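Subject: Structure handover

Hi,

Here is the structure I promised to pass on. Please open it first, then read the notes below it.

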Amino acid sequence: MHDLEQVRRQLIGERKALFRRAAKTEDELLWLETDVEPEVQERGQQEKLVRFLDQMETRLKTEIEAIDQALVRLSAGQYGFCEQCRGDIPDGRLLALPATMFYVACVQARETVGA
């Protein structure tokens with residue numbers, strides 16, 4: 001497995017970036033809610049935009065939670081092991097998705113069951 005300190009720094013960096021994006025989204029939502037007269041947008045378009053930004057914020061929260069869980073697993077010495085089969089998650093997958101909790105085959109099996 002690759003350098004766990006490097007993984008920790010990468011996860012923390014990604015977490016900070018997500019918090020910055022979430023803060024920006026929150027600012028945008030606040031602007032949309034306080035904007036009395038939208039210049040060009042119709043009311044329906046504005047409501048769609050608000051819903052989109054709200055969903056994006058939810059996705060950011062989910063990503064932050066996944067990173068927090070990865071940091072906990074890292075501290076507990078459980079990082080890099082699949083939560084389903086307990087096998088080693090390949091380094092390439094961890095490099096691409098450092099917060100991942102599952103081996104590729106287990107993700108595919110979960111998606112097949114959920115479909």
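A residue counts as buried under 20% relative accessible area, as exposed over 50%, and as partly exposed in between. Cysteine 85 has a relative accessible area of 44%, so cysteine 85 is partly exposed. Bear in mind that this is a predicted model.

**Cysteines**

How many disulfides does a search of the whole structure find? The count is 0. A disulfide needs a pair of cysteine sulfur atoms within 2.5 Å. The closest cysteine sulfur to that of cysteine 82 belongs to cysteine 106. The two are 3.6 Å apart, which is too far for a bond. Cysteine 85 is in no disulfide either. Its nearest cysteine sulfur is also that of cysteine 106, 3.7 Å away. Is cysteine 82 buried or exposed? Cysteine 82 has 0% relative accessibility, so it counts as buried.

**Arginine 86**

Arginine 86 sits in the loop between helix 2 (43–75) and helix 3 (91–96). Its phi is near 65°, a positive value in a residue other than glycine. Arginine 86 counts as partly exposed because its relative accessibility is 45%.

**Largest pocket**

The largest pocket has a volume of about 170 Å³. Which residues line the largest pocket? They are Glu14, Glu63, Ala66, Ile67, Arg93, Leu97, Pro98, Ala99, Thr100 and Met101. By class, 6 are nonpolar, 1 is polar and 3 are charged. Helix 2 gives the largest share of this lining, with 3 residues.

Best wishes

Methods
Residues are numbered from 1 along each chain as its sequence is written. This is a predicted model: local features need pLDDT of at least 70, side-chain atom pairs count only at pLDDT 80 or more; totals for chains, interfaces and linings use all residues. Side-chain values use heavy atoms; hydrogens and water are left out. Helices (H or I, at least four residues) and strands (E, at least two) are DSSP runs, numbered from the N terminus. Buried means under 20% relative accessible area, exposed over 50%, partly exposed in between (1.4 Å probe, protein chains only). On a 1 Å grid over the protein atoms alone, a cavity is a set of points where a 1.4 Å probe fits but cannot get out, and a pocket is an open set with protein on both sides within 12 Å along at least five of seven lines; lining residues have an atom within 4 Å of a point. Grid points are joined across faces, edges and corners, and a volume is the space filled by probe spheres set on the points. Ala, Val, Leu, Ile, Met, Phe, Trp, Tyr, Cys and Pro count as nonpolar, Asp, Glu, Lys and Arg as charged, and the others, Gly among them, as polar.
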